[in-house]
Structure formats: C-alpha cells, structure tokens
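Please open the structure in a viewer and keep the selection panel at hand.

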Amino acid sequence: VTAASPVPVHPRLGARVAYRLQQVLRPNAGYRWLSARIETAGSARRLFTGAERQAKEKLFGCRMCGQCALPVTGYVCPMGCPKELRNGPCGGVGADGSCEVYPERRCVWVDAYDRAASAGRTADLRLLHRPADHRRWGQSSWLNYWQDRDEDLWTAGATAEAGRGPGAHP
Amino acid sequence: VSLRERLASGSFAVTAEISPPRGASTQKITETAAQLKDWVDAVNVTDNQGSHARLASWAGSLAVIAAGLEPVMQMTCRDRNRIALQSDLLGASALGIRNILVMTGDHPRFGDHPGAKPVFDLDSVQLLWTLRTMRDQHVLLSGRKLAPAPDCFLGAVENPFAPPAEFRAERLGKKVAAGAQFVQTQFVFDVPAFARWLAQVRDLGLHERCAVLAGVGAVRSVRALEYMRDHVPGVEVPDDVDRRLRKVPPEKQGAEGVKLAAEIIQQVAEIPGVAGVHLLVAGNEQAVPDILNSAGVRISQEPRQNDGR
C-alpha cells in the first residue's frame with residue numbers, strides 16, 4: 001500500500017478553513033454512532049474510505065496512512081516528507097525552505113510551521129508523535145478518529161518522562 | 001574520563017569523527033583513533049555517511065575501543081526498521097559501546113545506492129525515545145521486558161541554520177524530551193546565527209539538560225568547500241568564508257581552513273551554553289592537532305579507562 005514515494009504537497013485548503021473544519025469533525029455521539037454503523041458493513045466502509053481518500057488526496061496529497069496527523073501539523077501532511085518525519089523537519093532543509101530530496105518543492109515542515117503560526121497553533125508542533133503503525137495503511141482515519149483509536153498518536157512533551165515510552169498500546 | 005563524565009564535570013569537551021572505510025578492514029580506523037586519542041574525548045563513527053555503503057558503525061566503534069579511545073556510535077533511521085535499531089542498541093551496549101548518536105540520516109537518493117528503499121520507520125525523536133525507554137524503563141517498543149537493560153549515553157544532532165529557524169530550538173527541545181543528553185550541531189560558519197539559536201536554546205533551558213557541542217570543520221580547499229555547499233545537505237557556506245579561502249593560493253588553503261576553524265572554536269567557546277566542540281573532520285583527521293593547537297584548546301589529560309566506557 002505504501003508503494004508510491006512520498007512527495008511534499010502544499011495543501012489546497014487554507015489553514016483557517018482547515019482549523020474550522022476541525023471543530024466540525026470533532027468526535028461526538030453522532031459521529032461515534034455513524035462510524036460504528038459504517039464499520040459494520042464492508043461495502044459502506046469501502047465507500048466511505050474511498051470518499052475520504054478522494055477528498056483528502058485532492059486537498060492534502062493524502063496517502064492514507066490511516067493515522068492522520070493533520071490537526072496538529074498546520075494541516076500539512078508529514079507523510080509527504082520523503083523521510084515521512086512526523087516530529088519535525090530534518091537537517092537538510094535548504095536555506096530557501098526547499099525539500100532536500102525535491103528542491104523544487106517546499107519542505108512540509110516549513111509549510112506546517114508557517115500555517116500553524118498563522119493560526120497561533122505552533123504549540124501543536126511540540127507534541128511527540130509515536131511511531132506510525134504500518135498496519136493502518138489504507139484505512140479510513142476518520143473512522144479511526146471517531147472510534148477513538150487515534151487518541152494515542154501523540155502526547156504532550158512533558159508526559160514523555162513517564163510511563164511506557166513511545167510504544168503504542170498492544 | 002568518559003565523554004559522559006567530561007560533560008557532567010562542565011569542562012570543555014572535544015569530539016571528532018571517523019568515517020569507516022569502504023572495505024573489510026578496521027586498520028585505518030585503528031590508526032586514526034591512535035592519532036586522535038590524546039586530543040579528543042571521543043570520536044564519532046559514522047553510519048554509512050551520505051548514504052554511501054561502508055563498514056558498519058558498530059564494527060568501527062569496537063575498533064576505536066580497542067585503540068584506547070571512546071567511540072560515539074552513529075545510528076541513522078535510514079536503513080533499519082524499529083526491530084533492527086533496538087537490536088543494534090542491545091548488541092552495542094553488550095560490547096561496551098556507550099555513546100549513541102541518533103540522527104534521521106541522509107536520503108538514499110544522494111548516496112551510491114540511489115535506488116535503495118528508504119526505511120525511515122522511526123524518526124530521530126522516536127528513536128531517542130525508544131532507546132531511552134529501553135534503558136530507563138527496561139522495555140522494548142513492543143512493551144516486552146528487557147534484562148539486562150542497555151547502558152547508554154544518548155546524543156542527537158541539530159542544524160541551527162536550516163529553516164524554519166523559529167522552530168530549530170523547539171525541535172531540539174523535542175529531542176531532549178525524548179532523551180537526548182548531548183547534541184552535536186551542523187557546521188558552524190555563521191557564528192552570529194549560531195548564537196541566536198543558542199539564545200533560544202538557553203531560553204528553553206535545554207542547555208542544562210543537554211550538552212551542546214558546536215560543529216566545527218576545517219575546510220581543506222576551495223574545491224572541498226564547493227563540494228560541501230553543493231552536495232552535503234543542510235550546509236550553508238557564507239560568502240565571506242568563500243571569499244577568504246579564495247584569496248589564498250591553493251597550497252595555503254589548508255592552513256587557512258585550519259586557522260578559520262580555530263577562530264570559530266574560540267568564538268563559540270565564549271558563548272554561554274556551549275559545552276564543547278565537535279570537529280567535523282572525517283577524511284581529514286590529521287588536522288585535529290593543528291586546529292586544537294591554534295585554538296589553544298587542550299582537553300585535560302587524566303588516565304583514560306581502556307574499556308571505552
């Protein structure tokens with residue numbers, strides 16, 4: 001599922017609209033009920049996942065990792081980074097903010113910082129992201145989100161000192 | 001004293017780096033380590049630097065220990081997944097390698113195997129966090145228990161000069177939160193820009209939890225400078241450095257590069273929060289005594305333990 005090489009994509013959706021959409025999509029009883037219904041039928045699930053793929057591919061260059069980080073990365077997809085870095089930029093960013101691997105494109109994290117800053121959301125970029133679960137590729141991240149399976153994707157820096165470390169719950 | 005003790009004591013630390021050979025022998029590493037051992041606290045052994053296949057960092061690190069110097073084993077996220085990385089830490093620790101430097105790694109696109117699969121299963125923050133958890137909580141990423149736990153001193157790298165400039169100190173903050181105890185920086189040519197980054201690092205209090213070693217390199221020639229600028233990701237060479245080197249005839253450019261490095265060492269040593277320097281001299285290790293002599297830096301000599309700890 002991960003065959004296509006990641007390429008940095010500048011989102012077509014403005015940061016402000018994206019953050020507003022975030023409010024609308026926040027999990028609630030309705031979404032929980034709806035997503036549970038969708039998950040019970042294979043065909044509904046495929047249809048929904050396909051629609052999500054269409055929309056997010058167009059807007060964000062989504063690759064369907066199934067564990068969406070967009071809400072805390074200025075709505076710039078970190079899986080478009082050629083190194084798939086979820087915790088910030090590598091050291092190879094060009095002086096003009098270009099990607100090390102695709103110099104004609106902007107580093108997703110330079111983009112993310114600007115968009116987060118424009119919305120007063122740079123604190124989001126301090127969150128520590130756990131390693132990706134590669135079993136999730138191709139899944140709907142909206143269903144995962146509404147079913148509360150995404151709660152553990154990242155954590156505030158301070159709590160990194162304690163507990164089980166970066167490993168996800170089994 | 002070990003690198004860990006040196007940094008804990010607060011006296012000026014010096015590290016350098018060795019690039020392992022493209023071949024099945026550690027002889028060159030042993031010779032270089034012997035030359036360097038009275039001059040530096042520890043030496044990095046690079047992990048397939050620039051995505052060019054070379055002798056493994058763990059093997060080079062063992063050769064460094066045998067030569068009586070302390071290694072810093074570099075570990076990149078480029079070639080190995082989370083299983084292999086954890087396994088490497090256990091192996092390294094069992095064989096007496098204590099210092100581990102974690103970095104993302106260059107993309108394979110730039111190396112001698114451009115068609116290789118880029119792994120990047122973990123990023124540098126996640127790898128630091130994983131290794132720290134193995135050491136302190138005695139568990140693997142899977143949650144399974146480890147016994148005995150590895151003993152390691154964890155390092156990170158940072159490029160203070162790359163965009164987004166406002167986020168670079170915060171990025172180090174994430175690495176410190178994940179477990180970094182020391183950091184080596186990319187080449188410092190632009191001392192004022194380095195000082196601006198370090199001011200942000202101090203504002204976040206990071207220098208108290210993580211020793212900052214400024215990366216300083218001796219440029220051998222204008223050609224070497226051009227190569228670095230055009231082919232090494234993340235290195236910015238200011239125009240005045242370029243002009244200064246071009247002014248001297250080719251046979252004196254090496255000496256000018258050493259002089260420049262010594263000046264930069266003296267300047268960064270004055271900045272509050274700098275714990276030492278990391279000499280980026282892979283391939284030019286014989287310049288180390290000259291650089292340190294001109295800079296007037298001598299690590300205090302105490303009997304060194306021979307087990308590399």
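Throughout, a residue is called buried under 20% relative accessible area, exposed over 50% and partly exposed in between, with a 1.4 Å probe and protein chains only. The model is a predicted one: local features need pLDDT of at least 70, side-chain atom pairs count only at pLDDT 80 or more, and totals for chains, interfaces and linings use all residues. Residues are numbered from 1 along each chain as its sequence is written, chains are lettered from A and ligands numbered from 1 in the order in which they are written, and side-chain values use heavy atoms, with hydrogens and water left out.

**Cysteines**

Begin by selecting the cysteines. A disulfide is taken as a pair of cysteine sulfur atoms within 2.5 Å, and by this rule the count over all chains is zero. Centre on Cys81(A): this residue is in no disulfide, and the nearest cysteine sulfur, that of Cys90(A), lies 6.3 Å away. Cys81(A) counts as buried because its relative accessibility is 9%.

**Nonpolar cores**

A nonpolar core is a set of buried Ala, Val, Leu, Ile, Met, Phe, Trp, Tyr and Cys residues joined through side-chain atoms within 4.5 Å. Select Ile100(B), Phe189(B), Phe194(B) and Leu279(B), the residues with the most contacts inside the largest core, which has 89 residues. Helix H10 (residues 250-269) of chain B gives the most to this core, with seven residues; helices (H or I, at least four residues) and strands (E, at least two) are DSSP runs, numbered from the N terminus. Apart from this core lies another, of 27 residues, with Tyr19(A), Met79(A), Cys81(A) and Ala162(B) among them.

Return to Phe194(B) and display its contacts (heavy atoms within 4.5 Å). Not counting residues up to four places away in sequence, Phe194(B) touches residues including Pro160(B), Phe161(B), Val212(B) and Ile271(B).

**Salt bridges**

A salt bridge is a side-chain nitrogen of Lys or Arg within 4 Å of a carboxyl oxygen of Asp or Glu. The whole structure holds 27 of them over all chains. Select Arg32(A) and Asp148(A), whose side chains meet in one of these at 3.3 Å, N to O. Arg32(A) sits in helix H2 (residues 29-40) of chain A, and Asp148(A), 116 residues apart from it, in the loop between helix H5 (141-146) and strand S2 (154-155) of chain A. Arg32(A) is partly exposed at 37% relative accessibility, as is Asp148(A) at 31%.

Lys56(A) and Glu52(A) form another salt bridge, at 3.2 Å, N to O. The two are separated by about one helical turn, because they are four residues apart in helix H3 (residues 42-60) of chain A.

In chain B, select Glu226(B), Arg229(B), Asp230(B), Asp242(B) and Arg246(B), which a network of salt bridges links.

**Asn159(B)**

Where is Asn159(B) found? Asn159(B) is in the loop between strand S5 (153-158) and helix H6 (168-178) of chain B, and is buried at 3% relative accessibility. Its side chain reaches the backbone oxygen of Gly91(A) at 2.8 Å and the backbone oxygen of Gly234(B) at 2.8 Å. Beyond its neighbours within four places in sequence, Asn159(B) is in contact with Gly91(A), Arg168(B), Gln186(B) and Gly234(B).

Definitions and conventions. A polar contact is a pair of N or O atoms within 3.5 Å; within protein, one must be able to donate a hydrogen and the other to accept it, and residues adjacent in sequence count only if both atoms are side-chain atoms.
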